[in-house]
Amino acid sequence: MSAIPIFIISDSIGETARTVIAAVNAQFPASVTLKIQRFPFITDQKTLTPILQDAHQEQAIIVSTLVNHTLQETVTQFCQVKHLTLIDLLSPLTTAISERSQTASLETPGSLRKLDEHYFHRISAMEFAVRYDDGQDPRGLLEADIVLLGVSRTSKTPLSMYLANQNYRVANLPLIPNVPLPKELFKVPAHKIIGLTMPLSTLLKIRQERLATLGLPQTTNYSNMTTVGDELAYANQIFEQLNATTINVADRSIEETASLIQTLI
């Protein structure tokens, strides 16, 4: 099956549409592939017209997040005439709220991403996650909203960045047998500490795939069953000592684990 063409047309960056498409695509097997093209910051008819023509030529599904009523109406009419599939993500809800509130929409492009206080907090949180990633500076453990602990390849860094994007200051620390833990860790309140773990067989597979990707031999302690088992046992010991909440991340996506963490802290 050839890739299904999808055109994202937005007067902002098109992130809303991209997120929705990713969520839907996750429900299909790998054999279903999408060819996604994003067209951001579309604010006039002159820019919009050739995009619609290209969409017609490719018989693309159009996913629109235009807040400007005139531009959206152009897209709607074009799709009706050319028999293209249109998914308008904003208009139905905008119309419903407008009718219920008896208030017209502002139709201001990119309102969701204005440089407001929330935005700057999020940027600060992401900078925090980078600065205190992988135990680079243990002082960050005392300033963090969330402290993630785990052995190598338990998704500490991706989780840190995802949670930072949700405005949480996150520090993470790798647990390595025979490597002393920083004294700051034992001053962190237990409710802030999350231990990440997974079954030995799953972790072995992930590490072996990692070594293969890097072109490295499989005969290292990094993927040795006994060594990795000892690492997991050590991590569990530390989780118990710190009274940390433990999460098995093996069958969870980053988003699912992050959502669970947010309900726990």
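## Helix packing and cores in a predicted model

The crossing of H8 and H9 is right-handed. This structure is a predicted model. H8 covers residues 200–214 and H9 covers residues 225–242. Their axes come within 10 Å and cross at roughly 120°. That angle makes H8 oblique to H9. On the H8 side, the contact uses Leu200, Leu203, Leu204 and Arg207. On the H9 side, Met225, Val228, Gly229, Glu231 and Leu232 meet them. By class, the contact of H8 with H9 has 6 nonpolar, 1 polar and 2 charged residues.

Two packed helices are described by the angle between their axes and the distance between the axes. The table sets out the pairs.

| Pair | Angle between axes | Axis distance |
|---|---|---|
| H8 and H9 | roughly 120° | within 10 Å |
| H2 and H3 | about 25° | 11 Å |
| H7 and H10 | about 65° | 10 Å |

Take H2 and H3 next. H2 spans residues 45–58. An angle under 35 degrees counts as roughly parallel, and H2 and H3 are therefore roughly parallel to each other. H2 passes H3 in a right-handed crossing. H2 brings Gln45, Leu48, Leu52, Gln53 and His56 to the contact. H3 brings Thr70, Leu71, Thr74, Val75, Phe78 and Lys82. The residues of this contact of H2 with H3 divide into 5 nonpolar, 5 polar and 1 charged.

Then come H7 and H10. H7 passes H10 in a right-handed crossing. Pro158, Leu159, Tyr162 and Leu163 of H7 meet residues of H10. Those H10 residues are Ile254, Glu255, Thr257, Ala258, Ile261 and Gln262. By class, the contact of H7 with H10 has 7 nonpolar, 2 polar and 1 charged residues.

**The nonpolar cores**

In soluble globular proteins, nonpolar side chains tend to be buried together. Here, the largest nonpolar core has 36 residues. Leu148, Leu149, Leu175, Leu185 and Ile261 have the most contacts inside this core. Several elements give two or more residues to the core. The strands are E5 (146–150), E6 (170–174) and E7 (193–197). The helices are H7 (156–164), H8, H9 and H10 (254–264). H9 provides the largest share of this core, 7 residues.

Beyond residues up to four places away in sequence, leucine 148 touches Lys156, Leu159, Ser160, Val170, Ala171, Asn172, Leu173, Ile194, Leu196 and Ile261.

**Two single residues**

Glutamine 72 sits in helix H3, which runs over residues 69–82. Buried means under 20% relative accessible area. At 4% relative accessibility, glutamine 72 therefore counts as buried. Not counting residues up to four places away in sequence, glutamine 72 touches Ser64, Leu66, Leu86, Asp88 and Ser91.

Glutamate 240 lies in helix H9. Exposed means over 50%. Glutamate 240 has 68% relative accessibility, so this residue counts as exposed. Glutamate 240 and glutamine 57 are 183 residues apart in sequence. In space they are 60 Å apart, C-alpha to C-alpha.

Technical notes
Residues numbered from 1 in each chain as written. Predicted model: local features only at pLDDT ≥ 70, side-chain atom pairs only at ≥ 80, totals over all residues. Heavy atoms only, no water. Axes fitted to C-alpha atoms, helices over the stretch in contact; angles between N-to-C directions. Helix = DSSP H or I, 4+ residues; strand = E, 2+ residues; numbered from the N terminus. Parallel < 35°, antiparallel > 145°, perpendicular 65-115°, else oblique. Left-handed = near helix turned anticlockwise from the far one by under 90°. Contact = heavy atoms within 4.5 Å. Nonpolar A, V, L, I, M, F, W, Y, C, P; charged D, E, K, R; others polar. Buried < 20%, exposed > 50% of the residue type's maximum accessible area, 1.4 Å probe, protein only. Core = buried A, V, L, I, M, F, W, Y, C linked by side-chain atoms within 4.5 Å.
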